[in-house]
Amino acid sequence: MSAETNEVSSRALLSSDASNRSALERSHLDLETAEKPYLDSNELIINMGPQHPATHGVLRVILKLDGERVLGTECVIGYLHRGVEKIAENRTYTMFNPYVDRMDYCAAVSNGLGYCEAVEKLLNVVAPPRAQYIRVILTELNRIASHQLWLGTHALDIGAMTPLFYTFRDREEILKIFEKYCGARLTTHAFRIGGCQYETYAGFEKDVNNFLTFFAPKIDEYETLLTTNRIWLERTKNVGVISGADAIALGVTGPVLRASGVKWDLRKAQPYAAYSEFDFEIPVGTNGDTYDRYLVRMEEMRQSMRIIEQAVSRIPEGAIMGKVPKVIKPPVGEIYHSIEAPKGELGYFIVSDGSTQPYRLRVRPPSFVNLQALDVMVRGLLVADVVAVIGTIDIVLGEVDR
Amino acid sequence: MVEKYRSQYGSGLDPLTYLGQNYLAVDRSLIPDILRLLREEEQFDYCVDITAAHYPKREKQFDVIWILYSFPRNERVRVKTQIADGASIASSVSIWPTANWLEREVYDMFGIQFDGHPDLKRILLPDGWKGHPLRKDYGILQQDKEWVQINLGIESGQ
């Protein structure tokens, strides 16, 4: 009996081996291997994902290894492809609005802001000041929530389990505000083309202020867990280094770019919504390693709190919806509009043919472009560092694959 | 800036503005030169996006669009060109490395070939898939039934 099962299992192994090999041959990794393999060991090609807890979704990475050192990688993506851009061509502008929340589902509010502003630009409509302020508050809350989720899962990947519980506990408070505001926690559909659908609920300002006082000491708490933690430093310092020039050449944006020393944030460079009315700093790193990206995001959460504090103290009175026609029919033309989403530059390129549906809608996803830098960042590192680098780029596969 | 190149390239280059956003309509043959000039002379060092649009009724069916940004100038520009179905266009991977995946996506979704791309293959759809979904003649419910049946072992993906 045992012989039979052995035979069956080994055959299964063989067949899966063969199919793996053919899959790898098809993807022909042609990366130059300058260095001689360590101790004359053979080069090894292994597969990581798409079902792997550290790839943050359905990302598959093919690793070319020398012992445990990475010689090159290739990402295989598309497992979550839903054809969002095709769907857009078959929906009206209004109907497509909730779909954008499903791309970067950790930062649904930012996606909605980018889309609504792009269509408003195309219609030549401006959202009223009150709506702009509500948008800024919710978007910055969402940035904090997104960074919290990143911190918890990134630290968990590296081996620190506690921050996950802390960040999820605190993120809950933001989600409660979203739920009270628009009834949804994750895919919020918070904004409409032309402004906001909902007036702030009674006690909105109080809730937001309470959150700010609650959360300020919590960031310090996260930092006491990690910033000077010996294990954290060893695992993140000088890991996944990318220079500012390389980051620009690869089109990397967001905290990853800023950690490499490029002081560029769309909220400052080309202000949208009401961002030009607030004081805040752009944190930048120097080394472009995983540790600097961690510090940049921690500081960004503090700066977001600053923005929220200023915005909530002076929300203007007035309408929350601009003058938008019942049927949205932008004139013939095309527009590109982008915002600083938590993960980088999120852009929408919309071509209108004068009908109620977009003729072509292209999403410029930050995660997709940033993920391309993975290969540059992990060469020469160990397999365990690949996990750290995937975490530090902060990708959401819903947005990579669309 | 455009005037300078206009005298050099003649009518192949047409500067336009819509809603305050600048774009250049460029003849297909001038594409590699213009993109390289924008990168090297005009400091457009960041290639934001490469995409396309399909106009089946036109003779040259596709618009290919590059969205560029310059960090030193804090300025955006779009470059647009028209190409016919089946025609190819020069790859810009050697100008901006980020073009690698972006061009692969355009190839995947529209079937536009990029000459000189290091590894032009599908990126979001599986390798053996037939058809290019963002073409207008590709229906929203359409899919490669054969691929689905062979690889997923189900009758239909719907």
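Me: Two residues are in contact if their C-beta atoms, placed from the backbone, lie within 7 Å. How many residues does the contact take from chain A and from chain B?

Reply: This is a predicted model: local features need pLDDT of at least 70, side-chain atom pairs count only at pLDDT 80 or more, and totals for chains, interfaces and linings use all residues. Residues are numbered from 1 along each chain as written; chains are lettered from A and ligands numbered from 1, in the order written. Chain B puts in 26 residues, and chain A puts in 31.

Me: Which elements of chain A give two or more residues to the side that touches chain B?

Reply: Elements are DSSP runs numbered from the N terminus: helices (H or I, at least four residues) and strands (E, at least two). Three strands of chain A qualify: β6 (333–341), β7 (344–352) and β8 (358–364). The helices are α2 (84–89), α9 (244–249) and α13 (366–371).

Me: Against which elements do the buried residues of α6(A) pack?

Reply: Buried means 20 or more other C-beta atoms within 10 Å of a residue's own, all placed from the backbone. Helix α6 of chain A spans residues 162–182. Its buried residues include A:D170, A:R171, A:I174 and A:F178. They pack against two elements of chain A, α5 (129–158) and α7 (204–226).

Me: Which residue follows α6(A)?

Reply: The helix has 21 residues. The residue after α6(A) has a positive phi, near 90 degrees. That residue is A:G183.

Me: Which residue stands opposite A:I46 in β2(A)?

Reply: β1(A) and β2 (60–66) of chain A are antiparallel, with six bridges. Opposite A:I46 stands A:L63.

Me: How many bridges join β4 (62–70) of chain B to β5(B)?

Reply: The two strands run antiparallel. They form a hairpin with four residues between them, and B:N74 in the turn has a positive phi of about 50 degrees. B:Y69 stands opposite B:R76. The bridges number nine.

Me: Do β2 (21–26) and β5 (75–83) of chain B run parallel or antiparallel?

Reply: B:A25 stands opposite B:K80 in β5(B). Three bridges join the strands, and their sense is parallel.

How values were computed
The expected span of a helix is 1.5 Å times one less than its number of residues. A residue is buried if 20 or more other C-beta atoms lie within 10 Å of its own, exposed if 12 or fewer, and partly exposed in between; C-beta atoms are placed from the backbone. Two strands pair if DSSP finds at least two bridges between them.
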